[in-house]
Amino acid sequence: MISLRFALVLLAGTFLGCVLSHPERPALLDPAKARELFALAQGNGTAKDGVLSTAEVEAIFANFDMDGDSQVRRQEFVNVWTHKGLGDIVSANFLFARADTDSDGTISASPDLSRVFKYFDLNGDGTVSEMEFVVVWSSLSH
Ligand SMILES: [Ca+2]
Ligand SMILES: [Ca+2]
Ligand SMILES: [Ca+2]
């Protein structure tokens, strides 16, 4: 019993230590926010089957590509992100930098979107499940 209590105290202390050592962690990366975004992405998709396909992700990409040139510039991303009420400018810029994997100033289908998709598809089965989305999303700040 004593060892169990000790383990619990240790666990709580570790958890608290993690929280306190990451005071800058944006609320954007909370698992709750991740589940909310995943549900939204599912709502946009053609099949609400609990997973995101490449086609669904491409449809989301098209939503952000306001001028239809197959590139999402930073300004487009920030505008759509904030106008849809998904988050603030700071979180938009943070995500843009993560999604623009080759840092050329735009998010493009290749290489950025396919890289991002593979990054989220942890088990490599060609779709992104809610669990995969939440796990990867929550780890984006690391
Ligand atoms: Ca564009
Ligand atoms: Ca890019
Ligand atoms: Ca998967």
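Begin by selecting helix α4 (residues 74-83) together with helix α5 (residues 89-99): their axes approach within 9 Å and cross at roughly 135 degrees. Helix α4 is therefore oblique to α5, since an angle counts as roughly antiparallel when it is over 145 degrees. The model on display is a predicted one. The crossing of these two helices, α4 and α5, is right-handed.

Next, show the side chains at this crossing. From α4, select Arg-74, Phe-77, Val-78, Trp-81 and Thr-82; their partners in α5 are Ile-89, Ala-92, Asn-93 and Phe-96. Sorted by class, the α4 and α5 contact comprises six nonpolar, two polar and one charged residues.

Continue to the end of α5, and select Asp-100, which sits in the loop between α5 and β3 (106-108). Is Asp-100 buried, exposed or partly exposed? Asp-100 has 19 C-beta neighbours inside 10 Å and therefore counts as partly exposed; a residue needs 20 or more to be buried. Beyond its neighbours within four places in sequence, Asp-100 contacts Gly-105, Thr-106, Ile-107 and Asp-112.

Select α3 (residues 54-64) and α6 (residues 109-120), which pack at an angle of about 125 degrees with their axes 11 Å apart. Helix α3 is thus oblique to α6, and the crossing of α3 and α6 is right-handed. Which residues form the meeting of α3 and α6? Thr-54, Val-57 and Phe-61 on the α3 side meet Ala-109, Leu-113 and Phe-117 on the α6 side. By class, this contact of α3 with α6 contains five nonpolar residues, one polar residue and no charged residues.

For the annotated regions, colour residues 52-87 and 108-142: an unreviewed UniProt entry places the feature "domain: EF-hand" at both. In the span 52-87, the C-alpha atoms at the two ends lie 21 Å apart, and the span is 58% helix and 11% strand.

Finally, return to the whole chain, coloured by secondary structure. Seven helices and four strands are present, and from the N terminus their order is α-α-β-α-β-α-α-β-α-β-α. Of the 142 residues of the chain, 11% count as buried. Among contacts between residues at least 6 apart in sequence, 42% join residues at least 24 apart.

Technical notes
Residues are numbered from 1 along each chain as its sequence is written. Chains are lettered from A and ligands numbered from 1 in the order in which they are written. This is a predicted model: local features need pLDDT of at least 70, side-chain atom pairs count only at pLDDT 80 or more; totals for chains, interfaces and linings use all residues. Axes are lines fitted to C-alpha atoms, for helices over the stretch in contact, and angles run from 0 to 180 degrees between N-to-C directions. Angles under 35 degrees count as roughly parallel, over 145 as roughly antiparallel, 65 to 115 as roughly perpendicular and the rest as oblique. A crossing is left-handed if the near helix is turned anticlockwise from the far one by less than a right angle, and right-handed if clockwise. Two residues are in contact if their C-beta atoms, placed from the backbone, lie within 7 Å. Ala, Val, Leu, Ile, Met, Phe, Trp, Tyr, Cys and Pro count as nonpolar, Asp, Glu, Lys and Arg as charged, and the others, Gly among them, as polar. UniProt positions are given in the numbering used here, feature names are shortened, and annotations may be inferred rather than shown by experiment. A residue is buried if 20 or more other C-beta atoms lie within 10 Å of its own, exposed if 12 or fewer, and partly exposed in between; C-beta atoms are placed from the backbone.
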